[in-house]
Amino acid sequence: MKLSPTYLEYCTVGKEIWRTVAPLICFHIVEKHYPDRVMRQFGMQQHIPLDVNTDEKLHSIDLRGQGQKNWEHSHAPHIELWQNRREHIASADPQTISLAQIRELAKPESENRREYIASADPQVGLIDENDEYMKWYRRITRRFISPMGALIDAMTSSLVRIRELGY
């Protein structure tokens with residue numbers, strides 16, 4: 001199936017905000033959007049993401065008895081972040097922010113938490129197995145859901161190593 005140029009344009013409308021680091025808001029629901037955690041989806045190198053501070057108050061909202069609540073007033077700080085979303089775009093452009101500054105912003109008590117533009121270099125090809133991100137990913141991820149899956153992975157990895165040795 002060949003896609004028409006009009007269809008392709010329709011699919012990319014709004015792409016300038018796909019990578020915004022901002023809250024997504026729908027009435028009483030506020031969900032933080034962290035595209036810097038999935039930079040590969042945007043063709044960029046993935047770095048080890050900062051910890052996410054999930055606001056427990058936002059996830060424990062009970063709508064019972066709140067039919068007349070003014071959500072615009074209640075979520076004013078989140079709405080302000082959304083209105084400034086174009087200032088917080090995860091990009092492939094070089095960023096002049098140090099790792100120390102990023103760590104400071106990542107602290108839960110920081111008022112400016114994640115108030116930075118995440119950046120990364122373009123991703124070319126596959127991520128190297130020994131890349132810092134891949135080491136971190138393997139350490140924190142439950143990679144197998146069964147002993148058989150782990151066994152198959154170990155066998156496949158061993159065969160690849162044998163092949164690389166030239167046997």
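A: A salt bridge here is a side-chain nitrogen of Lys or Arg within 4 Å of a carboxyl oxygen of Asp or Glu. The model is predicted, so local features need pLDDT of at least 70 and side-chain atom pairs count only at pLDDT 80 or more, while totals for chains, interfaces and linings use all residues. Residues are numbered from 1 along each chain as its sequence is written, and side-chain values use heavy atoms, with hydrogens and water left out.

Q: How many salt bridges turn up in the whole structure?
A: The search finds three. In one of them the side chains of Glu132 and Lys135 meet at 3.5 Å, N to O, and both residues lie in helix α6, three residues apart, about one turn of the helix. Helices (H or I, at least four residues) and strands (E, at least two) are DSSP runs, numbered from the N terminus.

Q: What does Asp153 pair with?
A: Asp153 forms a salt bridge with Arg143, the closest N and O atoms being 3.5 Å apart. Asp153 lies in helix α7 and Arg143 in the loop between α6 and α7, so the pair ties together parts that are 10 residues apart in sequence. Asp153 counts as partly exposed at 27% relative accessibility, and Arg143 is also partly exposed, at 41%.

Q: And Asp62, which residue does its side chain meet?
A: The side chain of Asp62 meets that of Arg64 in a salt bridge of 2.5 Å, N to O; Asp62 is partly exposed at 32% relative accessibility, while Arg64 is exposed at 71%.

Q: Where does Phe27 sit, and what is its phi?
A: Phe27 lies in the loop between β1 (22–26) and β2 (29–33), and its phi is near 55 degrees, a positive value in a residue other than glycine. Most residues other than glycine have a negative phi. Phe27 is exposed, with a relative accessible area of 68%.

Q: How far can I trust the model, then?
A: The mean pLDDT, the predictor's confidence in each residue from 0 to 100, is 78 for the protein, and 78% of residues reach 70 or more. Over residues 94–99 the pLDDT is below 50, and beyond near neighbours in sequence this stretch has six contacts in the model, a contact meaning heavy atoms within 4.5 Å. Residues 111–116 also have pLDDT below 50, with 23 such contacts. Where pLDDT is low, the predicted coordinates should not be read in detail.

How values were computed
Buried means under 20% relative accessible area, exposed over 50%, partly exposed in between (1.4 Å probe, protein chains only).
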